[in-house]
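Here's a friendly walk through one protein chain. Have a look at it first, and then we'll go through it piece by piece.

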Amino acid sequence: MNKAKPSEIRAAREAAGLTQEAAGALIHGSRRAWQDYESGARKMHPGLWELFQAKAQACRAGRQEDSAA
């Protein structure tokens, strides 16, 4: 299982260009939950981490396509 550290969670969100609110919504969560993941107050389930990584990659790819157009 791939357990994400709070610093990895924040770095991944920032790399995707997302706010905490947008990142939470991406995995059907709240801004508050996302804040807790980034602060370490709450552990992110490995399945949610994998889901976020996949969706964040899709967001980055979409932005790259938009900038190339």
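## Starting at Glu8

Let's begin with Glu8, which touches Lys3 and Trp49, not counting residues up to four places away in sequence; contact here means heavy atoms within 4.5 Å. Glu8 sits in helix α1, where helices (H or I, at least four residues) and strands (E, at least two) are DSSP runs, numbered from the N terminus. At 36% relative accessibility, Glu8 counts as partly exposed. On this scale buried means under 20% relative accessible area, exposed means over 50%, and partly exposed is in between (1.4 Å probe, protein chains only). Glu8 and Glu38 are 30 residues apart along the chain, with 8.3 Å between their C-alpha atoms.

A word on how to read all this: the model is predicted, so local features need pLDDT of at least 70 and side-chain atom pairs count only at pLDDT 80 or more, while totals for chains, interfaces and linings use all residues. Residues are numbered from 1 along each chain as its sequence is written, and side-chain values use heavy atoms, with hydrogens and water left out.

## The overall layout

What does the secondary structure of the chain come to? The tally is four helices and zero strands, running α-α-α-α from the N terminus on. The chain has 69 residues, and buried ones make up 29% of them. Of the contacts with a separation of 6 or more, 60% are between residues 24 or more positions apart.

Arg13 lies in helix α1, which covers residues 6-15. Is Arg13 buried or exposed? Arg13 counts as buried because its relative accessibility is 10%. Its side chain makes a polar contact of 2.4 Å with the side chain of Glu38. A polar atom of the Arg13 side chain also lies 2.9 Å from the backbone oxygen of Leu18. (A polar contact is a pair of N or O atoms within 3.5 Å; within protein, one must be able to donate a hydrogen and the other to accept it, and residues adjacent in sequence count only if both atoms are side-chain atoms.) Leaving aside neighbours within four places in sequence, Arg13 is in contact with Leu18, Thr19, Gln20, Ala23, Trp34, Glu38 and Phe52.

His28 has a positive phi of about 65 degrees, although it is not a glycine. With a relative accessible area of 69%, His28 is exposed. From His28 to Phe52, C-alpha to C-alpha, is 10.0 Å, and they are 24 residues apart in sequence.

Which residues of helix α3 are buried? In this helix (residues 31-39), they are Ala33, Trp34, Asp36, Tyr37 and Glu38. Asp36 has a relative accessible area of 12%, and it touches Ala41 and Arg42, again not counting residues up to four places away in sequence. Just after α3, Gly40 takes a positive phi of about 90 degrees.

## The nonpolar core

The largest nonpolar core has 15 residues, and those with the most contacts inside it are Ile9, Trp34, Tyr37, Met44, Trp49 and Phe52. At least two residues of this core come from each of α1, α2 (20-26), α3 and α4 (46-68). Such a core is a set of buried Ala, Val, Leu, Ile, Met, Phe, Trp, Tyr and Cys residues joined through side-chain atoms within 4.5 Å.

Take Met44: leaving aside its neighbours within four places in sequence, it is in contact with Ile9, Ile27, Trp34, Tyr37 and Trp49.

## The largest pocket

Which residues line the largest pocket? They are Lys3, Ala4, Lys5, Pro6, Ile9, Tyr37, Gly40, Arg42, Lys43, Met44, His45 and Pro46. On a 1 Å grid over the protein atoms alone, a pocket is an open set of points where a 1.4 Å probe fits, with protein on both sides within 12 Å along at least five of seven lines; lining residues have an atom within 4 Å of a point.
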